[in-house]
Amino acid sequence: MEAAIRDNSWMLQNLYPHLLGFHGLFRWIVLATAVAAIFVTFSGWSGTKPPSTNLRRFSVIFVIAMDIELLVGLLLYLGASSSLRSTFAAHSVLMLLAVICAHVGGASSRKARTDVMKCRGAAIAYTISLLLMLAGIPW
């Protein structure tokens with residue numbers, strides 16, 4: 001019984017295919033929220049629509065979706081074999097940078113002084129984040 005408690009690596013191995021499926025499906029939600037957040041920030045930056053609660057709402061949804069995807073990706077990385085880990089090293093780095101950019105954009109949308117600066121900073125950071133995600137997805 002004690003050996004089973006100490007060696008729980010089998011739990012992650014049994015969960016690995018399910019996490020991989022979730023990670024693959026959830027990426028589409030992350031990409032959709034990224035496009036929606038970019039659309040809201042660019043429309044606020046250009047002045048066609050004043051920034052409203054939509055800016056805050058889409059920023060939070062995008063950042064939370066990125067965080068969930070990062071946590072699932074970390075679980076997959078820890079449960080993968082060493083040869084698979086080395087294969088996805090570039091993917092891990094690019095996605096971590098994308099999450100950092102998303103957080104920078106979220107902070108910019110909350111803390112900038114004017115509405116245009118809120119939208120501009122978030123639009124730039126979210127666009128960079130989306131480009132990093134697209135570069136890092138193994139199509």
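**Exercise 1. Which residues does T41 touch, not counting residues up to four places away in sequence?**

*Solution.* Before we start, a word on the model: it is predicted, so local features need pLDDT of at least 70, side-chain atom pairs count only at pLDDT 80 or more, and totals for chains, interfaces and linings use all residues. Residues are numbered from 1 along each chain as its sequence is written, and side-chain values use heavy atoms, with hydrogens and water left out.

Step 1: Find T41 in helix α2. Helices (H or I, at least four residues) and strands (E, at least two) are DSSP runs, numbered from the N terminus.

Step 2: List the partners. T41 touches L55, C119, A122, A123 and Y126, where contact means heavy atoms within 4.5 Å.

Step 3: Check the surroundings. T41 counts as buried because its relative accessible area is 1%. Buried means under 20% relative accessible area, exposed over 50%, and partly exposed in between (1.4 Å probe, protein chains only).

**Exercise 2. Describe the chain as a whole.**

*Solution.* Step 1: Take the secondary structure, which comes to six helices and zero strands. Along the sequence this reads α-α-α-α-α-α.

Step 1: The chain has 139 residues, and 33% of them count as buried. Among contacts with a separation of 6 or more, 80% are between residues 24 or more positions apart.

Step 2: The chain exposes about 8,600 Å², with carbon and sulfur atoms supplying 71% of it. Accessible areas come from the Shrake-Rupley method with a 1.4 Å probe, and for residues only the protein chains shown count as cover.

**Exercise 3. Is G105 buried or exposed, and which residues does G105 touch?**

Step 1: Read its accessibility. G105 is at 0%, so it counts as buried.

Step 2: Name its partners. Not counting residues up to four places away in sequence, G105 touches G121, A122, A125 and Y126. For Y126, the C-alpha to C-alpha distance is 6.0 Å, although G105 and Y126 are 21 residues apart in sequence.

**Exercise 4. Locate the nonpolar patch on the surface.**

*Solution.* Step 1: Pick out its members: L25, W28, L131, L134 and W139, with about 620 Å² of accessible area together. Two elements, α2 (9-46) and α6 (115-136), each give two or more residues to the patch.

Step 1: Recall the rule. Patches are made of residues with over 30% relative accessible area and no salt bridge; like charges are joined within 9 Å and nonpolar side chains (Val, Leu, Ile, Met, Phe, Trp, Tyr) within 5 Å. A salt bridge is a side-chain nitrogen of Lys or Arg within 4 Å of a carboxyl oxygen of Asp or Glu.

Step 2: L25 is found in helix α2, and L25 counts as exposed because its relative accessibility is 63%.

**Exercise 5. Which residues lie nearest the centre of the largest pocket?**

*Solution.* Step 1: Name them: H23, G73, L76, H91 and M95, from a lining of 26 residues. The elements giving two or more residues to this lining are α2, α3 (53-79), α4 (82-87) and α5.

Step 1: Know the rule. On a 1 Å grid over the protein atoms alone, a pocket is an open set of points with protein on both sides within 12 Å along at least five of seven lines, and lining residues have an atom within 4 Å of a point.

Methods: On a 1 Å grid over the protein atoms alone, a cavity is a set of points where a 1.4 Å probe fits but cannot get out, and a pocket is an open set with protein on both sides within 12 Å along at least five of seven lines; lining residues have an atom within 4 Å of a point.
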